[in-house]
Amino acid sequence: MNDSSWGAPPQAGYWGPSDQGPVQGAAPAGPAYDAPEAQHTRPMPIVPDGPAVPRYGDDQDDDRGAARLSGPLFRDETTSAQPHAAAPQNPEPMPDVPQPAPAPQKKSAGRDLGAAIGVGVGLGAVIVASLFVVKAVFVGVIAVAVVVGLWELTSRLDERKGIKAPLVPLAVGGAAMVVAGYVRGAEGAWVAMALTALAVLVWRMTEPPEGYLKDVTAGVFAAFYVPFLATFVAMMLTADDGAFRVMTFLVLTVVSDTGAYAVGWRFGRHKLAPRISPGKTREGLLGAVSFAMAAGALCMHFLIDDGTWWQGLLLGLAVAASATLGDLGESMIKRDLGIKDMGTLLPGHGGIMDRLDSLLPTAPVVWLLLVLFVGSG
């Protein structure tokens, strides 16, 4: 059987079966460019990775049918806008365009100072009038403030967290707690506190058991936080110079808050507790301490019987610390509830609880130090 049986003559360079030599008359084997028929062929050019740039002399090969690389390899590729030689080697830097300086921001107090001052003066007049005219009237003022504060606190707990602390036993027990502290002292205050907590537990039993634990826990907390701490103000009033003791307590707390605000607003740079109250600064705390210590020395020397100036310094330092902690404590509660103020009853101040935040924790501190310094009489 010969190669003609495949139906095609042998091609150049074709090798037959392994037991035969090259076909007679075939062109000698070798590269394609050695054959006369392939004298116009050339190797495929190597495509570079980057954009193709014509080489010198490529335009001479058009008559031989060779393709020129003049575009991207694929349709979705793009080439450089200019060859490398077209890019400037040392471009001149763009001139700096001066930017307008930002306008200085004016510090804001964050509240209506006119309304705040007016409400503060009005409250001060009511307190002073009731304090130095009839002590029992001032006890009534404390009881009213406690009931309103409890209403604000329980309302916000219900609105924001769904916690239903029973208001009725809290209001009745809170008012009774203040009166018991004035009449029977610390012993009467503790007994009234225990009875109020028991009343909260029993009152909540009249409703479904779902949420009972959180409701009564919030109720007991509210009873301690508002009326029980306020009872120490009523106990200060029982002393012979009780009106001046209460006045000292109020003046030191207000001066501490005012000093913290004034110094912090003017010189505050370093945050005191940014996660709790971003507006408070360390400089403000130093202002509170300085103002309160100066006011304490004056009050103890001129208002308190047998008081001395150095006792006033210690008293002012303690008031500044307790007032700041009290303010931070209520700020923590308000942040947990997601509110700015506890109420809107006092224009420029918020609610009653927003004014009691520093007073409540400061009351037992002042009562205790005054008893240690000059006695309870």
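Asp-306 is exposed, with a relative accessible area of 71%. The model is predicted.

**Asp-306**
- Asp-306 lies in the loop between helix 6 (282–302) and helix 7 (309–337).
- Its phi is positive, about 65°, although Asp-306 is not a glycine.
- Most residues other than glycine have a negative phi.

**Helix 2 and helix 4**
- Helix 2 covers residues 135–161 and helix 4 covers residues 212–236.
- Their axes come within 10 Å and cross at roughly 155°.
- Angles over 145 degrees count as roughly antiparallel, so helix 2 and helix 4 are roughly antiparallel to each other.
- The crossing of the two helices is right-handed.
- Helix 2 contributes Phe-138, Ile-142, Val-146, Leu-150, Leu-153, Leu-157 and Lys-161 to the contact.
- Helix 4 contributes Lys-214, Ala-218, Ala-222, Tyr-225, Val-226, Pro-227, Ala-230, Val-233 and Ala-234.
- By class, the contact of helix 2 with helix 4 has 14 nonpolar residues, two charged ones and no polar ones.

**Arg-156**
- Arg-156 is also part of helix 2.
- Its relative accessibility is 14%; the cut-off for buried is under 20%, so Arg-156 counts as buried.
- The Arg-156 side chain makes a polar contact with the side chain of Glu-159, at 3.1 Å.
- Leaving aside residues up to four places away in sequence, Arg-156 touches Lys-161, Leu-337, Ile-339, Met-342 and Gly-343.

Technical notes:
Residues numbered from 1 in each chain as written. Predicted model: local features only at pLDDT ≥ 70, side-chain atom pairs only at ≥ 80, totals over all residues. Heavy atoms only, no water. Axes fitted to C-alpha atoms, helices over the stretch in contact; angles between N-to-C directions. Helix = DSSP H or I, 4+ residues; strand = E, 2+ residues; numbered from the N terminus. Parallel < 35°, antiparallel > 145°, perpendicular 65-115°, else oblique. Left-handed = near helix turned anticlockwise from the far one by under 90°. Contact = heavy atoms within 4.5 Å. Nonpolar A, V, L, I, M, F, W, Y, C, P; charged D, E, K, R; others polar. Buried < 20%, exposed > 50% of the residue type's maximum accessible area, 1.4 Å probe, protein only. Polar contact = N/O pair within 3.5 Å; in protein donor to acceptor, adjacent residues only side chain to side chain.
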